[in-house]
Amino acid sequence: MKIKTNVHIHYSQFSWEEKGEYTVFSCKLPDDEHRTYVCEQEIEIEVPDNYDPRAQKIAALQAQKQKVMADYQKTVTEINARISELQAIECAA
């Protein structure tokens, strides 16, 4: 399947680079000392007819879930350590 979209072309060259390069962005970025806006252009992109993003979305959500679970476990461990410290103080008193 072919889709049409607009892209924004910029030219970038940093002081340590011998040659600059053209870069494509989905939006127009402001000019600065290293990057200048060249033009907007409509392009046509070929996307596989059978492309289905669901598997990638599920994988991303599973990774997010693992991170949240790890963060939760770390927080619980820290809380339990603080509780143990406070209980140890009570017993020593």
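**A charged residue and its setting**

Mentor: D71 has a relative accessible area of 38%, and this value makes D71 partly exposed. Please keep in mind that the model is predicted. The class follows from two limits: a residue is buried under 20% and exposed over 50%, so a value in between is called partly exposed. The side chain of D71 meets that of K67 in a salt bridge, with 2.7 Å from N to O. K67, at 53% relative accessibility, counts as exposed. The two residues belong to helix α1, which covers residues 54-92, and because they are four residues apart, about one helical turn separates D71 from K67.

A second pair in the helix repeats this spacing. E78 and K74 both lie in helix α1, four residues apart, which is about one turn of the helix. They form a salt bridge whose closest N and O atoms are 3.9 Å apart. The cut-off for a salt bridge is 4 Å, so a distance of 3.9 Å still qualifies. E78 is partly exposed at 41%, whereas K74 is exposed at 54%.

The whole structure holds five salt bridges. Another one of these joins R35 to D32, where the closest N and O atoms are 3.7 Å apart. D32 is partly exposed, with 38% relative accessibility.

R35 leads us to the strands, for β3 covers residues 35-46. Three strands form an open sheet in the order β2-β1-β3, and their pairing is antiparallel. β2 (21-25) and β3 stand at the edges and have a single partner strand each, so one side of each is left without a neighbour in the sheet. On average, neighbouring strands of this sheet are turned by 30° against each other, with direction ignored. The antiparallel pairing of β1 with β3 runs over eleven bridges. As an example of a bridge, Y11 has T36 in β3 as its partner.

The surface also has a nonpolar part. M1, I3 and I45 make a nonpolar patch of about 240 Å². M1 is placed in the segment before β1, a strand that spans residues 2-12. With 46% relative accessibility, M1 counts as partly exposed.

The cysteines deserve a final word. A disulfide is a covalent bond between the sulfur atoms of two cysteines. In a model, two such atoms must lie within 2.5 Å to be counted as a disulfide. For C27, the closest cysteine sulfur is that of C39, and the 15 Å between the two is too far for a bond. Seen from C39, the closest cysteine sulfur is in C27, again at 15 Å and too far away. The number of disulfides is therefore zero by this rule.

To return to your residue: D71 is partly exposed, and its salt-bridge partner K67 lies about one helical turn away in helix α1.

Technical notes. Residues are numbered from 1 along each chain as its sequence is written. This is a predicted model: local features need pLDDT of at least 70, side-chain atom pairs count only at pLDDT 80 or more; totals for chains, interfaces and linings use all residues. Side-chain values use heavy atoms; hydrogens and water are left out. Patches are made of residues with over 30% relative accessible area and no salt bridge: like charges are joined within 9 Å, nonpolar side chains (Val, Leu, Ile, Met, Phe, Trp, Tyr) within 5 Å. Accessible areas come from the Shrake-Rupley method with a 1.4 Å probe; for residues, only the protein chains shown count as cover. Buried means under 20% relative accessible area, exposed over 50%, partly exposed in between (1.4 Å probe, protein chains only). Two strands pair if DSSP finds at least two bridges between them. Axes are lines fitted to C-alpha atoms, for helices over the stretch in contact, and angles run from 0 to 180 degrees between N-to-C directions.
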